[in-house]
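Colleague: I am new to this structure. Please take me through the terms before the conclusions.

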Amino acid sequence: MSATTPLTPGIQRDPARQVWVLVMAHAAYALGATPEGLVLHLHWGARLGALADLSDPALGRDHSSMDTALHLAREEYPVYGGLRYGEFALKATFADGTRDLDLRYDKDEIGEEDGLPTLTLHLHDAVYPLRVSLIYRVDVAHDIIVRSVRIENQGNVAIHIERIFSAVWHLSRSYMAPTLTTLAGRWGAETQIQRQPVVAGITVLEGRRGLTGQTANPWFALDSAATQDAGAVYFGALAWSGNWTLRVATDSTSATVVAGGVHDVDFALPLAPGAAWQAPEFVAGYTEDGFNGARRRLHRFIRAHVLPAPQRATPRPVLYNSWEATWFFVEEAGQLALAERAAALGAELFVVDDGWFAGRNHDRAGLGDWTPDPVKFPHGLQPLIDRVQALGMDFGLWVEPEMVNPASNLYRAHPDWVYHFPTRPRSESRHQLVLNLARDDVRAHVLAVLDGLLTTYPIRFLKWDMNRPISEPGWPDEPDQARAIWVRHVAGVYAIMDALRLRHPDLSIEACASGGGRADLGILRHADQIWTSDNTHPEARLRIQEGFALALPARVMVAWVTDTPMDRGRNEIPLAFRFHVAMLGTLGIGGNLLAWDAAELAEAARWVALYKAIRPLVQDGDQAWLTPLGNANIVAVQYLAPTGVAGVIFGFRRADLFGDSSPPVRLRDLEPAATYRLSIPDEEPCVRTGAALMAQGITLPLPAGSYASCVVRFAREAASSG
Ligand code: GLA
């Protein structure tokens with residue numbers, strides 16, 4: 001290709017100048033290697049015309065003795081070494097005590113991985129036998145780049161890695177004062193949207209509990225006056241379910257960088273001679289279509305390239321979960337009665353939550369001993385499963401495999417299997433301790449127990465929970481590996497999930513950690529859906545789900561209709577509103593159906609039937625929020641089939657304080673010239689052009705009062721022939 005040939009989608013390069021361009025449908029990302037072998041960032045933003053548009057990769061000049069050329073260089077993967085003082089991605093100590101890296105570009109490799117064009121740049125330390133490979137996978141259609149890094153010790157003594165981030169992303173220099181959007185929270189209040197200006201300095205987002213966590217989610221967006229539908233947005237998500245950090249910083253030129261990966265707090269990775277290690281993926285994209293544009297791209301990427309196959313191609317079932325109905329008082333007759341009612345409503349999956357296993361009458365005992373409680377289930381789980389299946393539902397079970405209660409047979413037999421320091425107390429939280437899944441024997445045991453359960457019983461679904469953080473992260477038998485537990489534990493979880501899926505291909509997994517503590521793209525390579533929050537109050541859920549939906553698609557967002565919101569004993573919010581909020585994701589029911597009257601059951605059955613009818617749109621359509629970002633009083637969410645032939649809009653009015661009429665909401669992404677038939681509840685069907693629906697919008701049929709909601713369906717009419 002000549003330097004002036006128009007760039008076509010895929011990975012383009014100019015070997016003579018050592019530049020590469022990742023050309024996507026609407027975006028481009030460019031990098032290059034200087035004659036000295038430094039890999040520099042050249043561009044991330046709108047598409048470029050030709051390779052000639054790129055300046056030669058070159059080290060600039062010192063600005064001052066404090067701001068040296070090397071420090072100012074926009075390196076793709078800056079290391080800790082030399083005169084560099086900005087964000088860095090890699091820090092290592094060599095056997096001779098040298099704590100300084102000097103990476104030089106070696107060669108490139110262009111290929112394909114997992115169906116995506118892949119560029120790998122191999123770098124090598126100038127003196128030591130450390131190879132570092134920067135990996136870029138490109139989802140051309142969705143303007144997304146998946147970065148990772150692989151390190152390899154090619155020598156014969158160990159190298160100690162003290163930080164290894166997945167990527168450093170440089171925003172365009174023209175993008176000077178962006179707003180940072182993050183998802184913050186805590187237990188019962190996950191993924192709350194938070195916006196703040198980026199000023200000089202560093203904003204640190206992190207999870208340090210050994211899991212993704214609820215305090216922050218490893219997702220970010222940076223925009224400059226973008227709206228839901230217009231304006232440039234950089235967005236990204238780290239695919240990792242353990243300790244993580246994202247550092248949003250300004251460099252010495254005031255440009256914004258985002259560095260992130262596995263957290264380096266208490267972390268060290270001894271890289272043995274010949275060993276290699278690959279960092280988690282960091283996914284990011286650029287769009288000029290606002291937050292809905294970012295959301296659409298990320299959701300599509302996750303559905304197509306992250307979620308486990310073949311489950312990602314099948315609808316997520318409507319589930320019933322017994323937790324809020326029976327708490328720990330699970331027993332055969334009660335579950336059978338709930339199953340009858342759940343099936344009558346149209347549930348497709350019946351999940352028995354916590355409380356089913358031996359000794360589990362409260363949260364103080366039982367974790368670790370995964371056999372059915374002989375008092376609650378005198379004949380094991382089979383009679384219940386038989387009935388659930390006869391009712392046409394699949395059967396699912398709650399487990400918390402990484403945990404053990406001291407009051408359990410497992411702990412009595414293997415007290416050394418938990419993280420601990422011999423001289424320190426073992427801090428309990430929820431009366432439980434964390435199994436050391438970095439250990440091969442513990443991993444093998446957990447896999448064998450779960451595999452045994454899935455082999456004994458036709459269990460099609462596991463809700464995999466994790467209800468406490470890691471503390472006292474010691475591994476007395478392996479002091480050398482003790483600081484690597486932060487990555488080995490997560491790798492253990494992933495490996496067990498993968499082994500179970502391989503042996504039981506029909507299995508689906510829901511990731512949970514005291515609600516939404518494990519909501520990330522890493523777990524979604526191994527799990528099919530996520531429990532969004534223990535808070536099932538519909539008003540709280542709308543907030544939580546709005547944030548969640550910025551990062552993750554509806555099919556993974558599990559939402560139940562329940563009886564008991566956090567602020568009252570009995571739910572007075574209309575059943576319709578409760579259902580509509582839950583229908584924004586994968587619908588579940590978690591109320592005590594034995595207490596629902598005939599009218600409630602009949603209404604619930606109608607909503608379940610409607611959900612099933614629109615499920616392909618919700619679970620696999622493009623989601624667009626039609627109302628402004630951040631807890632608007634009136635909320636409208638549109639789901640449009642990827643083919644554009646049909647869609648559905650959910651409308652909500654949270655509070656009706658002033659008796660105002662609903663403003664019209666404008667639909668998105670329709671074909672202006674096509675006509676659409678609208679099905680508005682209690683109104684005659686009407687037909688409008690796409691142009692009118694996008695310009696004038698529709699008035700949502702929201703009943704008077706607070707907690708009003710509606711569902712409006714629409715379908716494109718076939719083009720008339722004449
Ligand atoms: C966690 C989960 C809940 C439930 C309980 C059971 O809190 O988030 O949904 O499964 O554990 O103990």
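Modeller: Two strands pair if DSSP finds at least two bridges between them. Strands (E, at least two residues) and helices (H or I, at least four) are DSSP runs, numbered from the N terminus.

Colleague: Why are β28 and β29 called paired?

Modeller: Strand β28 (residues 529–531) and strand β29 (residues 557–561) share two bridges, in the parallel sense. The definition asks for at least two, so they count as a pair. Isoleucine 530 stands opposite methionine 557 in β29.

Colleague: Which strands close into a barrel?

Modeller: Eight strands, in the order β21-β22-β23-β26-β27-β28-β29-β30, with parallel pairing.

Colleague: How do you know what confidence to give the chain?

Modeller: The model is predicted; local features need pLDDT of at least 70, side-chain atom pairs count only at 80 or more, and totals for chains, interfaces and linings use all residues. Residues are numbered from 1 along each chain as its sequence is written, and side-chain values use heavy atoms, leaving out hydrogens and water. On the pLDDT scale (the predictor's confidence in each residue, from 0 to 100), the chain averages 96, and 99% of the residues score at least 70.

Colleague: What makes a set of residues a nonpolar core?

Modeller: Its members are buried Ala, Val, Leu, Ile, Met, Phe, Trp, Tyr and Cys residues joined through side-chain atoms within 4.5 Å; buried means under 20% relative accessible area (1.4 Å probe, protein chains only). The largest has 202 residues, and Val132, Ile164 and Phe350 are among those touching the most other members. Helix α8 gives the most to this core, with 10 residues. A second, separate core of 22 residues includes Ala636 and Val665.

Technical notes
Buried < 20%, exposed > 50% of the residue type's maximum accessible area, 1.4 Å probe, protein only.
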